[in-house]
Amino acid sequence: MMSASTSNGTPAATHVEEVRAFNRFYTTRIGVLGEGHLDTPYSLTEARILFELAHRDQTEVAELRRQLALDASYLSRILARWEEAGLVVRAPSEADGRRQVVTLTEEGRAVSSTLDARASDDVSGLLEGLTQEERHRLVAAMGLVSRLLGERPAPSAYVIRPLRAGDLGWIVHRNAVVYAEEYGWDASYEALVARIVADYIDHHDPRCEAGWIAEIDGDPAGAVLCVRKDDRTAQLRLLLVEPAARGSGVGSRLVEECVRFARRAGYADLVLWTNDVLAAARRVYERAGFVLERSEPHRSFGQDLVGQWWRLGLTPGPSPQA
């Protein structure tokens with residue numbers, strides 16, 4: 001079976017074909033392959049131009065061309081045709097006479113309103129057959145696609161919440177997938193994560209152990225566990241931040257939650273074990289005040305690694321078992 005990607009990061013043929021197959025499915029599903037978009041005389045490109053013009057008082061033609069990545073002569077022909085039909089007016093820019101601005105006429109705005117209403121009705125019909133949960137998953141998946149293929153702005157809002165049903169299974173699954181894809185770790189890492197999670201379930205005491213999930217738009221974006229190592233020491237385990245959520249502060253916020261809980265539970269120290277290849281995670285730990293105590297090479301998860309133990313001293317308090 002062909003791998004997901006080549007060694008230099010070039011997408012494998014299987015992924016290329018999957019994206020192309022989705023493009024074929026989706027363009028057919030939303031009906032953009034017909035001669036006229038939404039049963040109008042206008043193409044999909046023309047409908048998008050009208051949409052952009054309808055949301056501005058004036059638009060520089062050059063800026064419109066750059067934004068929509070259109071050929072200059074192609075856009076010029078469309079605007080000339082619309083000007084003749086009374087949909088737009090073109091004029092020199094007041095700020096720079098060398099530049100041209102375009103404005104929709106009242107007739108042009110009416111056409112744009114018709115297209116906008118029909119598009120909303122089409123999408124509403126597309127969603128009618130889905131449950132609320134399915135709609136939520138669809139919209140979240142579309143947001144992820146936009147972030148991955150766009151400029152990837154960091155998500156601005158997230159929620160940190162306690163664990164609930166299904167979360168621990170998600171932690172095992174996403175740890176296995178993310179570390180396999182990014183670092184080539186084999187199934188023995190998934191086995192380790194599964195054992196950690198099983199121990200958490202089997203021996204969980206809410207007075208001295210807890211876990212959290214970070215959510216963005218209702219979907220898990222990260223996780224961490226705080227578990228008892230001994231009466232005076234807690235251990236931070238399985239910190240994970242989804243690739244699309246990195247840079248949002250999720251990792252630091254999860255560590256902060258773990259530290260606060262360990263302090264409230266009365267632990268004297270919070271420790272963690274990681275590997276030196278996880279540079280972003282190490283920076284999060286350093287910012288939180290953790291200090292590297294020791295490093296040791298080891299062969300694990302199909303890789304040669306350097307393990308690291310980090311420690312954070314906490315305000316002394318009563319034993320968690322008191």
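Q: Which backbone nitrogen does the side chain of Ser 93 reach at 3.4 Å?
A: The one of Asp 96, and the side chain of Ser 93 also reaches the backbone nitrogen of Ala 95, at 3.2 Å. These are polar contacts (N or O pairs within 3.5 Å, one able to donate a hydrogen and the other to accept it; sequence neighbours count only if both atoms are side-chain atoms). The model is predicted, with local features needing pLDDT of at least 70 and side-chain atom pairs 80 or more, while totals for chains, interfaces and linings use all residues. Side-chain values use heavy atoms, without hydrogens or water, and numbering starts from 1 along each chain.

Q: Where is Ser 93 found, then?
A: Ser 93 sits in the loop between β2 (88–92) and β3 (100–104), strands being DSSP E runs of at least two residues and helices H or I runs of at least four.

Q: Buried or exposed?
A: Ser 93 is buried, at a relative accessible area of 11%, where buried means under 20% with a 1.4 Å probe on protein chains only.

Q: And what does Ser 93 touch?
A: Leaving aside residues up to four places away in sequence, Ser 93 touches Glu 60, Arg 99, Gln 100 and Val 101, with heavy atoms within 4.5 Å.

Q: Switching topic, which element gives the most to the lining of the largest pocket?
A: That is α6, with 10 residues, and α6 spans 132–149. At least two lining residues each also come from α1 (13–29), α7 (167–183) and β6 (219–228).

Key:
Buried < 20%, exposed > 50% of the residue type's maximum accessible area, 1.4 Å probe, protein only.
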